[in-house]
Amino acid sequence: MTTDAIAERFVIGLDDTDTPESGGTGKLARALVEAFLADGLGASLGVTRHQLLDHPKIPMTKRNSCNAIVVESPTSLNDIEDWAVRFVRRNAERGADPGVAILSRHSDMPHVLAFGRRCQQELMKLDDAGTFSSEANVRLRALGGKRNGSIGALAAVGLRAGGGDGRYVDLRGLRDLTGRMTAGQIREASEVQNILDEATGEPLDRDDMVDTGAWIRPRLVDGGPLLMTRRSAEERRLWIPVDRHDEKHDE
């Protein structure tokens, strides 16, 4: 990798890397980001979780969700693909059925976004994933015996690249936001800059107090994180994140 190469943006999609007894695909996605940064390959723009169709005919561990990571790197698409596949093969749970998808600037984003949206509404098959990935010029690798993880991985890159679906489960500074913080402190400590009042749609003032709880999960809106809040019923001068969860589950 040359230091004067121009960084390009890639979206990496992951699915079915876990088992019912393990920590979940979100955990592996965050580990992938850590390894990507440690290897000096580029920068991360965060991990998002995307909910797909919940249906009895769809094999899943807990909830039918997939994860996507946006990275910026001067490394070639081939090298990014090889690195991601090696990482997932090395770190996915034994017995899992992982899939990896890589979307680049050469991909037909609207086409793969359409696939992701269909995965949220209907049963999609392996043949569908193969057709859509080929037509959209998205690298798709099925690394498990049944190959089912490739469906969710392809959906993940489409939904993330579309910029309007899912929740951030990893982002610079996100996991350091604890307790009560002002909107200004949140903006200074993290990549979460867009903090709105749900009732008015207006940005919170820098001195407005937000109870972050154990873990906030900003929405992916217009290609970036948005933290939607509502005024506390108990304390009028306190705002509560709408999309906050006090239990981290498998994310």
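This report describes the secondary structure, a helix pair, the cysteines and several individual residues of a predicted model.

**Overall content**

The protein contains six helices and twelve strands. Of its 251 residues, 52% are buried. Where contacts join residues at least 6 apart in sequence, 73% of them link residues at least 24 apart.

**Helices α3 and α4**

Two packed helices are described by the angle between their axes and the distance between the axes. For helix α3 (residues 109–119) and helix α4 (residues 126–136), the axes come within 9 Å and cross at roughly 160 degrees. Because angles over 145 degrees count as roughly antiparallel, α3 is roughly antiparallel to α4. On the α3 side, the contact is made by His 111, Val 112, Phe 115 and Arg 118; on the α4 side, by Asp 128, Ala 129, Phe 132, Glu 135 and Ala 136. By type, the residues of this contact are five nonpolar, one polar and three charged. An α-helix has 3.6 residues a turn, so residues three or four places apart point the same way.

**Helix α5**

Helix α5 (residues 149–162) has 14 residues, which at 1.5 Å a residue should span 20 Å; its end C-alpha atoms are 20 Å apart, so the two values agree. Twelve of the 14 residues of α5 are buried, and the helix is mostly covered. The buried residues run through Gly 149, Ser 150, Ile 151, Gly 152, Ala 153, Leu 154, Ala 155, Ala 156, Val 157, Gly 158, Leu 159 and Arg 160. Just after α5 comes Gly 163, with a positive phi of about 80 degrees.

**Cysteines**

A disulfide is a covalent bond between the sulfur atoms of two cysteines. The structure holds zero disulfides. Cys 66 is buried, with a relative accessible area of 0%. Cys 119 is also buried, at 6%.

Most residues other than glycine have a negative phi, and most peptide bonds are trans. Asn 137 has a positive phi, near 55 degrees, and lies in the loop between α4 and β5 (139–142). Asp 222, which is not a glycine, has a positive phi of about 50 degrees. Asp 222 sits in the loop between β10 (219–221) and β11 (224–231).

**Arg 167**

Arg 167 is found in strand β6 (residues 167–170). Apart from neighbours within four places in sequence, Arg 167 is in contact with Val 47, Thr 48, Arg 49, Arg 217, Pro 218, Arg 219 and Asp 243.

| Residue | Relative accessible area | Class |
|---|---|---|
| Arg 167 | 32% | partly exposed |
| Asn 137 | 43% | partly exposed |
| Asp 222 | 76% | exposed |

Note on methods:
Residues numbered from 1 in each chain as written. Predicted model: local features only at pLDDT ≥ 70, side-chain atom pairs only at ≥ 80, totals over all residues. Heavy atoms only, no water. Axes fitted to C-alpha atoms, helices over the stretch in contact; angles between N-to-C directions. Helix = DSSP H or I, 4+ residues; strand = E, 2+ residues; numbered from the N terminus. Parallel < 35°, antiparallel > 145°, perpendicular 65-115°, else oblique. Contact = heavy atoms within 4.5 Å. Nonpolar A, V, L, I, M, F, W, Y, C, P; charged D, E, K, R; others polar. Expected span 1.5 Å × (residues − 1). Buried < 20%, exposed > 50% of the residue type's maximum accessible area, 1.4 Å probe, protein only. Disulfide = S-S within 2.5 Å.
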